[in-house]
Each structure stands twice: as structure tokens, then as C-alpha cells.
Amino acid sequence: GWVFSGYYWSYAVGQLPAGWFVQRFGTRLVLPLTLALSSVSFAAMARATTAIEFAAAWTATGLAVAGIFPCCIHSIVRWFPADQRQHRRARLCQRR
């Protein structure tokens, strides 16, 4: 339970600063940085040999991937006219 809660808490806490970074620096800078950080944290999960190392890497993964959704929403707002945004957001949130 505590391993998964570390991921979800770090994801939730990371959403606000990630949204600020996206608004401040833009999607073109923040999204590749977010993806690079998440790749590093996924690699750290694969190399973990103890439960503590895995929990730390999993928590770092939650923090790293927290920026992906704000980047996507920011891109939708910038690229699509107001009358098409709801449809695009709904497509983004679908689980297919």
C-alpha cells in the first residue's frame, strides 16, 4: 500500500508545479523534459534491488509523469478553437 500511495501522492503534488512550468515555459520544453525524467525513473525502477529503492523510483515516476497531462491540456487550449476544446479534452481522457 505505501509504495502505491507514494506514486499517487507525488503525482497529485506534482500536478500544480507542472502546470505552472507548462504555462511559464511552454509544452515544447516541458513535455520532453517530463518524458526524459520519467524514462530515467522507469530505468531506476528496473534496476532497483530492494523494496526501498523501488519505492523511491516509483515515487519519482509519479512526480515525473505528473507533467504529461498539464502539457496535453495546455496544447489543446493553444491549438484548438474554443468550440472544439471540449471534444478534444474528452478524447484525451478516454481510456481507449
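Reader: How many helices and how many strands does the protein chain have?

Author: In this predicted model, the protein chain has 5 helices and 0 strands, and read from the N terminus its elements run α-α-α-α-α. The C-alpha trace spans about 50 × 25 × 20 Å along its principal axes.

Reader: What share of the residues of the protein chain counts as buried, and how much accessible surface does the protein chain have?

Author: Of its 96 residues, 30% count as buried. The accessible surface comes to about 6900 Å², and 65% of that surface belongs to carbon and sulfur atoms. As for contacts with a separation of 6 or more, residues 24 or more positions apart account for 66% of them.

Reader: Why is serine 41 called buried?

Author: The word buried is used for a relative accessible area under 20%, and serine 41 has 5% relative accessibility, so serine 41 counts as buried. Serine 41 has its place in helix H2, which covers residues 27–47.

Reader: What makes the pairing of the side chains of serine 41 and threonine 61 a polar contact?

Author: The distance given for these two side chains is 3.0 Å, and the cut-off for a pair of N or O atoms is 3.5 Å, so the pair meets the distance condition and is listed as a polar contact. Apart from neighbours within four places in sequence, serine 41 is in contact with Ala57, Ala60, Thr61 and Ala64.

Reader: How do you know whether threonine 61 is buried or exposed?

Author: Threonine 61 has a relative accessible area of 1%, and because buried means under 20%, threonine 61 is buried. Threonine 61 lies in helix H3, and when neighbours within four places in sequence are left aside, threonine 61 is in contact with Tyr7, Ser41, Phe42 and Met45.

Reader: Why does alanine 57 count as buried, and which residues does alanine 57 touch?

Author: The relative accessibility of alanine 57 is 7%, which is under the 20% limit, and therefore alanine 57 counts as buried. Its place is in helix H3, and, not counting residues up to four places away in sequence, alanine 57 touches Ser41, Ala44 and Met45. The C-alpha atoms of alanine 57 and cysteine 71 are separated by 22 Å, with the two residues 14 apart along the chain.

Reader: Which residues make up the largest nonpolar core?

Author: The largest nonpolar core has 7 residues, namely Val3, Tyr7, Met45, Ala55, Ala57, Trp58 and Val65. Two or more residues of this core are given by each of helix H1 (2–25) and helix H3 (51–65), and H3 gives the most, with 4 residues. Alanine 55, one of the core residues, is in contact with Trp2 and Val3, leaving aside its neighbours within four places in sequence.

Reader: Why is serine 10 called buried, and where is serine 10 found?

Author: With 10% relative accessibility, serine 10 stays under the 20% limit and so counts as buried. Serine 10 is found in helix H1 and, not counting residues up to four places away in sequence, touches Thr59, Gly62 and Leu63. A polar atom of the serine 10 side chain lies 2.9 Å from the backbone oxygen of glycine 6, and a polar atom of that side chain lies 3.4 Å from the backbone nitrogen of leucine 63. Between serine 10 and arginine 28 there are 23 Å in space, C-alpha to C-alpha, and the two are 18 residues apart in sequence.

Reader: How do you know that valine 13 is to be called exposed?

Author: Exposed means over 50% relative accessible area, and valine 13, at 54%, therefore counts as exposed.

Note on methods:
Residues are numbered from 1 along each chain as its sequence is written. This is a predicted model: local features need pLDDT of at least 70, side-chain atom pairs count only at pLDDT 80 or more; totals for chains, interfaces and linings use all residues. Side-chain values use heavy atoms; hydrogens and water are left out. Buried means under 20% relative accessible area, exposed over 50%, partly exposed in between (1.4 Å probe, protein chains only). A polar contact is a pair of N or O atoms within 3.5 Å; within protein, one must be able to donate a hydrogen and the other to accept it, and residues adjacent in sequence count only if both atoms are side-chain atoms. Contact means heavy atoms within 4.5 Å. A nonpolar core is a set of buried Ala, Val, Leu, Ile, Met, Phe, Trp, Tyr and Cys residues joined through side-chain atoms within 4.5 Å. Accessible areas come from the Shrake-Rupley method with a 1.4 Å probe; for residues, only the protein chains shown count as cover.
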